[in-house]
Amino acid sequence: MAIGSGLGAQLGYSAETTYGTFVAPAKFIEFTKQSLALKKTTAQSAGIAAGRLLPLSSRRVLTRKEVQGSIDLEIVNKSMGGLLQALMGTTVTPVQQAATAAYLQTHTLADTAGKSLTIQAGIPLTTGTVTDKTFLGCKVTSAEFACEVGGMLTGAFDFDGKDCDEGQTLATASYPNMSPFHFGQMAVKTGTFGTEAARDGVRKVSVKIERPQAVERFYAGQAGLKKEPISNDQVKITGTLETDYIDTTLDDLHTSDAATSLVWEFIGANIASTYFETFRITLPAVRFDDGPPTVEGFDVVKPTFNFTALYDGTNPVKIEYLATDVTL
């Protein structure tokens, strides 16, 4: 029996072959919070019957179902690839580096058609029995990554899903040895793409990637369930750099509205040879929207620069993940 609280919870996922069709979880992730839940729409008959004062229970109908919610977690050195693929859209095969145990995943921005997940949550009763809630057809609608002084690199993934199936067998969770990426491994670089230079004075970074989709695809003949959401707007990527006013480099970029390449990376333990555990976001063209420095008292001046990432016309936005995972 598991512990009868959140301590006994589990979360596993797998990529689906067909939208909304169950695939047994193959990866189990450690999470800090999850809010995935079935959202249902009902209708109640309003028919008038002589003397009836209360609507009939038998005349309430379930007209549609869907899933909404999020997963908050620490970004670690294993098992993140499936989530990154569902966010970014490119079909990725990890590439072995030389003849080592290091495998590089390069997730470039692409349409997310066909990129859905089965996510199975184990939710404990107080008795220690763990109930199964399997969420089908989960599409990532946005994800935000953040890290600040003294903290872990965190990720918050928002999902839209097709249905919740409570009739599956709860998979047995197994976890590889995992280590979180953290502030002590963090670097921020800006400049010309490919030759970015390290920035000093950065205390906190966040990057949010939004994937707008038509999530209201409910049609006749679908038993009240939606068809796979379709991208219906351009991707929006925004972020912030919280800094001390070390130099005027970012301030000058804000003033001129010039573009710069931004690289945000975490370099972890050595895997083999010259290959280290890595999580890296590359935004080839960002422009700073606001954040000029102001003086608010005796303390060090601490401007926060808000930016928008755009396409530079040549180089794709990408997330690189170097790990020992042979598959996603």
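Hi everyone, let me start in the middle of the protein: the largest nonpolar core has 55 residues, and Phe-145, Phe-159, Trp-264 and Phe-279 touch the most other members. Strand 9, residues 130-148, provides the largest share of this core, with six residues. By nonpolar core I mean a set of buried Ala, Val, Leu, Ile, Met, Phe, Trp, Tyr and Cys residues joined through side-chain atoms within 4.5 Å. Buried means under 20% relative accessible area, exposed means over 50%, and partly exposed is in between, with a 1.4 Å probe and protein chains only.

A quick word on where this comes from. This is a predicted model, in which local features need pLDDT of at least 70 and side-chain atom pairs count only at pLDDT 80 or more, while totals for chains, interfaces and linings use all residues. Residues are numbered from 1 along each chain as its sequence is written, and side-chain values use heavy atoms, with hydrogens and water left out. Helices (H or I, at least four residues) and strands (E, at least two) are DSSP runs, numbered from the N terminus.

Let's stay with strand 9 and look at its neighbours. Two strands pair if DSSP finds at least two bridges between them. Strand 8, residues 117-124, runs antiparallel to strand 9 over seven bridges, and Gly-122 has Asp-132 in strand 9 as its bridge partner. These two strands make a hairpin with five residues between them, and Gly-128 in the turn has a positive phi of about 100°.

On to strand 10, residues 154-161, which is antiparallel to strand 9 with seven bridges. Here Ala-146 is bridged to Thr-154. This hairpin also has five residues between its strands, and Gly-150 takes a positive phi near 80°.

Strand 14, residues 202-210, pairs with strand 9 over seven bridges, with Ile-209 as the bridge partner of Ala-143. Strand 11, residues 163-165, is joined to strand 9 by three bridges, and there Leu-136 stands opposite Asp-163.

Now for the aromatic side chains. How many aromatic pairs does a search of the whole structure find? The search finds eight. Rings of Phe, Tyr and Trp (its six-membered ring) pair if their centres lie within 6.5 Å; planes under 30 degrees apart count as stacked, over 60 as edge-to-face and the rest as tilted. Phe-145 and Phe-279 have ring centres 5.5 Å apart and planes at 50°, so this pair is tilted. The pair links distant parts of the chain, since Phe-145 is in strand 9 and Phe-279 in strand 19, 134 residues apart. Both Phe-145 and Phe-279 are buried.

Phe-279 has another partner, Phe-181: the centres of these rings are 6.4 Å apart and the planes are at 45°, so this pair is tilted as well. Phe-181 lies in the loop between strand 11 and strand 12 (186-191), and Phe-279 lies in strand 19, so the pair ties together parts that are 98 residues apart in sequence. Phe-181 is buried at 1% relative accessible area, and Phe-279 is buried at 0%. Phe-145, Phe-181 and Phe-279 belong to one aromatic cluster, together with Phe-157, Trp-264 and Phe-266.

That brings us to strand 19 itself. Strand 19, residues 275-290, runs antiparallel to strand 18, residues 260-272, with nine bridges, and Glu-265 stands opposite Arg-280. Their hairpin has two residues between the strands, and Ser-273 takes a positive phi near 50°. Strand 19 also pairs with strand 21, residues 318-323, in the antiparallel sense over five bridges, where Phe-279 stands opposite Tyr-321.

Strand 20 is another antiparallel partner of strand 19, over five bridges, and Ala-285 has Leu-310 as its bridge partner. Leu-310 is also one of the residues lining the largest pocket, and strand 20 gives the most to that lining, with three residues.

Note on methods. On a 1 Å grid over the protein atoms alone, a cavity is a set of points where a 1.4 Å probe fits but cannot get out, and a pocket is an open set with protein on both sides within 12 Å along at least five of seven lines; lining residues have an atom within 4 Å of a point.
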